[in-house]
Amino acid sequence: MLKLVKPSYKYRHSFLEALDEYGSDHISGIFHIDLAYTNFKKYLSCVRNQERGIDLTRGIVPSSAFWLIDGDEFVGAVSFRHKLNKRLREYGGHIGYSIRPSKRKKRYGTMMLAMALTHVKKYGLKKIIIMCDYDNTASQKIIKANGGVLHDTIKTKSNSNKKLIMHWWIDLV
Ligand SMILES: CC(C)(COP(=O)(O)OP(=O)(O)OC[C@H]1O[C@@H](n2cnc3c(N)ncnc32)[C@H](O)[C@@H]1OP(=O)(O)O)[C@@H](O)C(=O)NCCC(=O)NCCS
């Protein structure tokens, strides 16, 4: 059964296996990766603090993390920022996600965003902004399938790979 859960010790082994699998690939929606390898309990505590807005580094906003689990296996992760600052409004947005490489192209990404949006609705926002690189076809399809409407496409110095960034809005009401 497919479910979206808060990060948990129960899936530690599968989560760490997935981190190895990503290698140098782009990981979106997962933070504190070094800590997950070295001290998993502390990693979980950081994730919880991040959600409650405790001990945040300057410029970091509160965010909730969710894991997509199929059976007992970690499949992917999505994170939701409760509010945005000026920098995140330009580059970052409300939601980031990734699916572990061995589980891609099986519609998990599309389903994970749909499941995440039902959680996000509980925060009372009327709409959220999601961003992706101009050439990230898979992410564009996922966003569109979940009601995303393209707002603009911009160039920003914040994107280290210098690609154009697409800003999509999703209405939650
Ligand atoms: C983007 C990502 C989440 C897609 O996850 P996924 O589970 O493979 O996506 P889905 O299986 O739901 O596919 C959605 C659509 O994209 C297509 N797609 C998937 N991977 C693709 C690829 N590499 N190139 C082109 N199209 C692709 C699928 O065929 C599907 O198309 P359809 O709706 O017309 O059938 C995954 O590739 C990933 O984790 N990438 C790295 C992190 C990232 O880019 N995150 C997004 C940041 S905004």
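1. A salt bridge, as the term is used here, is a side-chain nitrogen of Lys or Arg within 4 Å of a carboxyl oxygen of Asp or Glu. Please keep in mind that this is a predicted model. In it, E51 and K6 meet that definition through their side chains, with 3.3 Å from N to O. This pair joins distant parts of the chain, its two residues being 45 apart: E51 belongs to helix α3 (residues 40-52), while K6 lies in the loop between β1 (2-5) and α1 (12-22). Across the whole structure, a search finds seven salt bridges.

2. Where does the ligand sit? You will find the ligand in the largest pocket. Two or more residues of the shell around the ligand come from each of β4 (95-99), α5 (108-120), β5 (127-133) and α6 (137-145). Of these, α6 contributes the most, with four residues.

3. The surroundings of the ligand comprise 18 residues, and Y97, I99, K105, R107 and T110 are the closest. Sorted by class, the shell holds seven nonpolar, six polar and five charged residues.

4. K141 places a polar side-chain atom 3.1 Å from an oxygen atom of the ligand. For R104, a polar side-chain atom is 3.3 Å from a ligand oxygen. K106 takes part through its backbone, where a polar atom lies 3.3 Å from an oxygen atom of the ligand. As for cover, the ligand taken alone exposes 930 Å², and the protein buries 74% of that.

Technical notes: Residues are numbered from 1 along each chain as its sequence is written. This is a predicted model: local features need pLDDT of at least 70, side-chain atom pairs count only at pLDDT 80 or more; totals for chains, interfaces and linings use all residues. Side-chain values use heavy atoms; hydrogens and water are left out. A residue is near a molecule or strand if one of its heavy atoms lies within 4 Å of it. A polar contact is a pair of N or O atoms within 3.5 Å; within protein, one must be able to donate a hydrogen and the other to accept it, and residues adjacent in sequence count only if both atoms are side-chain atoms. Accessible areas come from the Shrake-Rupley method with a 1.4 Å probe; for residues, only the protein chains shown count as cover. On a 1 Å grid over the protein atoms alone, a cavity is a set of points where a 1.4 Å probe fits but cannot get out, and a pocket is an open set with protein on both sides within 12 Å along at least five of seven lines; lining residues have an atom within 4 Å of a point. A molecule sits in a cavity or pocket if more than half of its atoms lie within 2 Å of its grid points. Ala, Val, Leu, Ile, Met, Phe, Trp, Tyr, Cys and Pro count as nonpolar, Asp, Glu, Lys and Arg as charged, and the others, Gly among them, as polar.
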